[in-house]
Amino acid sequence: MHGDELHVLVVDDSAMVRQVMQAILTTNSRVKVNVAADPLIAWSKMQKEPPDVVITDLEMPRMDGLTFIRKIMLEMPTPVVVCSGLAARGTELALRALEEGAVEVITKPKVGVRDFLHESAVTLVDAVWGASQAHVRPRQVMPVVLRLTADAVLPREPRSKVAGAASGIIAAGASTGGTEALRVLLAAMPTDCPPIVIVQHMPEGFTRAFADRLNKECVIEVEEARDGTRLQTGKALIAPGNRHMLVNRSGEELVVQVVDGPLVSRHRPSVDVLFRSVASSVGAKAVGVIMTGMGDDGAQGLCEMKEAGATTIAQDEPSCIVFGMPKEAIARGAVNLVLPLERIAGTALNLQSGRLGWKEELQKR
């Protein structure tokens, strides 16, 4: 930030969008807004006065938004919030924007944009302030290390990845920066891992595309949760956007419940809702993981999981894009272990299998 001021650059070819965003953001006297009609004008302005946060559309003249984000991350790493109607039509583009380094995506409709922006003022302001806290680095994709087996030469006959109900589960929550963090977490999971349930703050429609992409990259199954889906070994379920997800016990099985409801901790789906349900239905047999993200969603739920006997893990600050959610959980005493991203999967598996207790893991550090 520039002293006490937050400098925001709004890049959109619509004069109306630029005007409305400027009006919304400058209701806070600490926010200074500059505007540009296309990425080339924006880049020239960035050279003269580097902004703290860039808000950009994806569909613009002279340079598309993805190329613009890529250029920013390569030459002048700056937190970027995407606000685009194009992302609403094609979630693949929104995911690509996040992969290129954007920290948040807000969808906007093609009609009624003025009213939408006013109605979404809280979301927009939250996204900008959250982005300003992000630790943005030159884009470096963490590699997924694939271990080839005999299947690469002679595939086995298709079989269910279910090997009986697991003794417990891993529950994870993430927000800003979570798409990459979850990719790293799930890519490290073997096919016999315990069931995994995840809340990632994402708009409705994005979660299915996100789950489908992870399913292609990981050896475990990854899918968007549906109401009544049974938790299975070797499968991760991601809460659908705009719906809460709970884990309930049905006899000896665990099933997810997908429900409507109010925003909890300013979010739907809420990590707090998921973690509370896990504390109630799984208790000491669960491992809870709080990951990169803005705000405090998940901190209270993680406290409840810990109180129920679960082992709890927070992602450490250096590996987070935004340390808000883990920091708040740590401050509330909800966390047993604070670990870098690359160690979370292995530790969670060891804890879940009983091969290691969290105190022994702490002693190893």
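Thr229 is buried, because its relative accessible area is 11%, under the 20% cut-off. The model is predicted. The protein has 365 residues, and 52% of them count as buried. Thr229 sits in a loop between two strands, β8 and β9.

**Thr229 and its surroundings**

- The loop that holds Thr229 runs between β8 (221-224) and β9 (235-238).
- A polar atom of the Thr229 side chain lies 2.7 Å from the backbone oxygen of Arg226.
- Beyond its neighbours within four places in sequence, Thr229 is in contact with Glu223, Leu237, Leu254, Val255 and Val256.

- Strand β10 covers residues 244-250, and strand β11 covers residues 253-259.
- The two strands run antiparallel and are joined by seven bridges.
- Val256, one of the residues in contact with Thr229, lies in β11 and stands opposite Val247.
- β10 and β11 form a hairpin, with two residues between them.
- Gly251 is in the turn of this hairpin and has a positive phi of about 65°.

**The protein as a whole**

- The protein contains 14 helices and 14 strands.
- Among contacts with a separation of 6 or more, 72% are between residues 24 or more positions apart.
- The accessible surface comes to about 16300 Å².
- Carbon and sulfur atoms account for 51% of that surface.

Conventions: Residues numbered from 1 in each chain as written. Predicted model: local features only at pLDDT ≥ 70, side-chain atom pairs only at ≥ 80, totals over all residues. Heavy atoms only, no water. Helix = DSSP H or I, 4+ residues; strand = E, 2+ residues; numbered from the N terminus. Buried < 20%, exposed > 50% of the residue type's maximum accessible area, 1.4 Å probe, protein only. Polar contact = N/O pair within 3.5 Å; in protein donor to acceptor, adjacent residues only side chain to side chain. Contact = heavy atoms within 4.5 Å. Areas by Shrake-Rupley, 256 points an atom, 1.4 Å probe, with all protein chains shown as cover. Pairing = 2+ DSSP bridges.
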